[in-house]
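Colleague: I would like to learn how to read a structure like this one. Could you take me through some features, one at a time?

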Amino acid sequence: MNLVKDILKSHGSMVIYRRTFSISPRALAEKTITIREAITQAMDEEITRDERVFLIGEEVAQYDGAYKMSKGLWKKHGDKRIVDTPITEMGFAGLATGAAMAGLRPICEFMTFNFSMQAIDHVINSAAKTYYMSSGKVKVPIVFRGPNGAAAGVGAQHSQDFATWYSQCPGLKVISPYSAEDCRGLLKAAIRDDDPVVFLENELLYGQQFPISDEALSADFVLPIGKGKIEREGKHITLVSHSIGLKICFEAAKELEQNGIQCEIVNLRTLRPLDEEIIKTSVKKTHHLVTVEFGWPQCGMGSEIIARICESDAFDYLDAPPLRVTGADVPLAYAKTLEQNSMPQVPNVIKSVKKILNK
Amino acid sequence: MVLQRKFEERAGQLYGQQKIKGFCHLYIGQEACSSGAKSALKDGDKYITAYRDHGIPLALGSDPNTVMAELFGKATGISKGKGGSMHIFDKSVGFVGGHGIVGAQIPMGAGLAFAEKYNKTGNLAICYFGDGAKTTDMPWERR
């Protein structure tokens, strides 16, 4: 029997006290870390590794990060490497972009991606397009990172999902990780990449624990940008998702298994460049497709994925039209019930799967 | 300065004849700004401006043939025809563009200076902007 006592402290840092009375020994516990730890570690390691890397943003230094994502970094690395800014997204995103053009490798944190709209001219016009416009002469090795999408009860202006806005733009790489391993490997890869990268985190996942291998904890662990992962194999239907969408895919798959339906779950990891091959291969195997995202439906990731499948030879393997599960086409409400019902839930995924499979 | 003036007069003429497409913002009358800076600054200093960007690289020593070719969208242009009039870049002389959005060059110029300070080079960054840019958010955010 296990007794667990948790004490949660505010400001996003969690302190867990655990007292365990166990008769049967737990299997050699798999190591776990939170998304927060994964991201902090990745930044710490890259800042240590390459003196050109620095972190800039609101509250990143003395406050340890608005969501504590840079905890301990200012104490360790100092003012030069961890730079606090006033509230001026256009100012510091532009400054960081200029610094990247001059050869430094900034990590520019947006407190949330909603505020990136203040600076979006620099993300797109100054950063994304410059390598092309200069015919390859001027690189912009910058990472824009921060939480994207809905949090809990923060209202419409603080809850937008920018995945598709950014993934539309040539010149950017756009990453939307799910697990701690995704975050570690892909953030390190993003910082080492010479292109501007938009790294979309999710605030609701920051405190979540994920198992992590020793290999993934090593200092040079990088994952390839542009490659998805099969999180779960299955033969009846393909579920494609990214970031927090995967959470409901896993739960839906578990429930559907009891009805004898095996779901294959594809974790995109990167939105641009999109890993078309992994989706096509899965669809050719299962013949059925549901896309799952928390963003709005019009011009969403689901639209793009389904269009690409239809344009490819994988179309001939479909036994039913694909379906999209998305957030509701509405600015996100504040009231809890409205908010929850505006976002995709497990029953939505299950209903879509059963509809396609005629069950 | 004479090179800049003659170059721009010719570019203006060709633009009027519609042989240069899109936009063409001439540096006529401002030659002293680029040449004066060049005479006072040194190799290693950085320059950035908005889209009135033909004069500065010429003052710094960029090959005028490649700048003119860029206005014609040729592959031999300084940005291989992919930038056009507003996106001249020449890192070899410290010129970091060539930007289309009014005022955007201001925080980016601060970024160039930030990098020089970070690397302790002692180099300067000079950022050109006009009366249009002075009223955008960007100079005020920079304070």
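Modeller: Start with Lys120(B), which counts as exposed at 69% relative accessibility. Exposed means over 50% relative accessible area, buried means under 20%, and partly exposed lies in between (1.4 Å probe, protein chains only). This is a predicted model, where local features need pLDDT of at least 70, side-chain atom pairs count only at pLDDT 80 or more, and totals for chains, interfaces and linings use all residues. Residues are numbered from 1 along each chain as its sequence is written, chains are lettered from A and ligands numbered from 1 in the order in which they are written, and side-chain values use heavy atoms, without hydrogens and water.

Colleague: Where does Lys120(B) lie?

Modeller: Lys120(B) is in the loop between α5 and β2 (125-127) of chain B. Helices (H or I, at least four residues) and strands (E, at least two) are DSSP runs, numbered from the N terminus.

Colleague: How do I read its backbone angle?

Modeller: Most residues other than glycine have a negative phi, and most peptide bonds are trans. Lys120(B) is not a glycine, yet its phi is positive, about 55 degrees. Ser135(A) also has a positive phi, near 50 degrees.

Colleague: Is Ser135(A) buried or exposed?

Modeller: Ser135(A) is buried, with a relative accessible area of 15%. Ser135(A) sits in the loop between α5 and β7 of chain A.

Colleague: Which peptide bonds are cis?

Modeller: One of them runs from Arg272(A) to Pro273(A), with omega near 0 degrees. Pro273(A) is in the loop between β14 (270-272) and α9 (276-286) of chain A. Another cis bond runs from Gly97(B) to Gly98(B), with omega near 15 degrees.

Colleague: What does Lys137(A) touch?

Modeller: Contact means heavy atoms within 4.5 Å. Leaving out residues up to four places away in sequence, Lys137(A) touches Ile78(B), Phe89(B) and Lys91(B). The side chain of Lys137(A) also reaches the backbone oxygen of Ile78(B) at 2.3 Å. At 34% relative accessibility, Lys137(A) counts as partly exposed.

Colleague: Now the sheets. How should I read one?

Modeller: Strands of a sheet pair through backbone hydrogen bonds, either parallel or antiparallel. Here two strands count as paired if DSSP finds at least two bridges between them. In chain A, 5 strands form an open sheet with mixed pairing, in the order β11-β13-β12-β15-β16. The edge strands are β11 (229-232) and β16 (323-325) of chain A; each has a single partner strand, so one side of each is left without a neighbour in the sheet. Neighbouring strands of this sheet are turned by 25 degrees against each other on average, direction ignored.

Colleague: How many bridges join β12 to β15 of chain A?

Modeller: There are 4 bridges between β12 (residues 237-241) and β15 (residues 289-292) of chain A, and these strands run parallel. Thr238(A) has Leu289(A) as its bridge partner in β15(A).

Colleague: Which helix packs on this sheet?

Modeller: Helix α8 (residues 245-257) of chain A does, touching β11, β12, β13 (263-267) and β15 of chain A. Its direction makes about 170 degrees with that of β13(A). Such axes are lines fitted to C-alpha atoms, for helices over the stretch in contact, and angles run from 0 to 180 degrees between N-to-C directions.

Colleague: Which residues of α9(A) are buried?

Modeller: They are Ile278(A), Ile279(A), Lys280(A), Ser282(A), Val283(A) and Thr286(A). An α-helix has 3.6 residues a turn, so residues three or four places apart point the same way. What covers the buried residues of α9(A) includes β11, β12, β13, β15 and α10 (301-311) of chain A.

Colleague: Which residues touch the most other members of the largest nonpolar core?

Modeller: A nonpolar core is a set of buried Ala, Val, Leu, Ile, Met, Phe, Trp, Tyr and Cys residues joined through side-chain atoms within 4.5 Å. The largest has 57 residues, among which Ile39(A) and Val353(A) touch the most other members. Helix α7 (residues 180-192) of chain A gives this core its largest share, 7 residues.

Terms used: A polar contact is a pair of N or O atoms within 3.5 Å; within protein, one must be able to donate a hydrogen and the other to accept it, and residues adjacent in sequence count only if both atoms are side-chain atoms.
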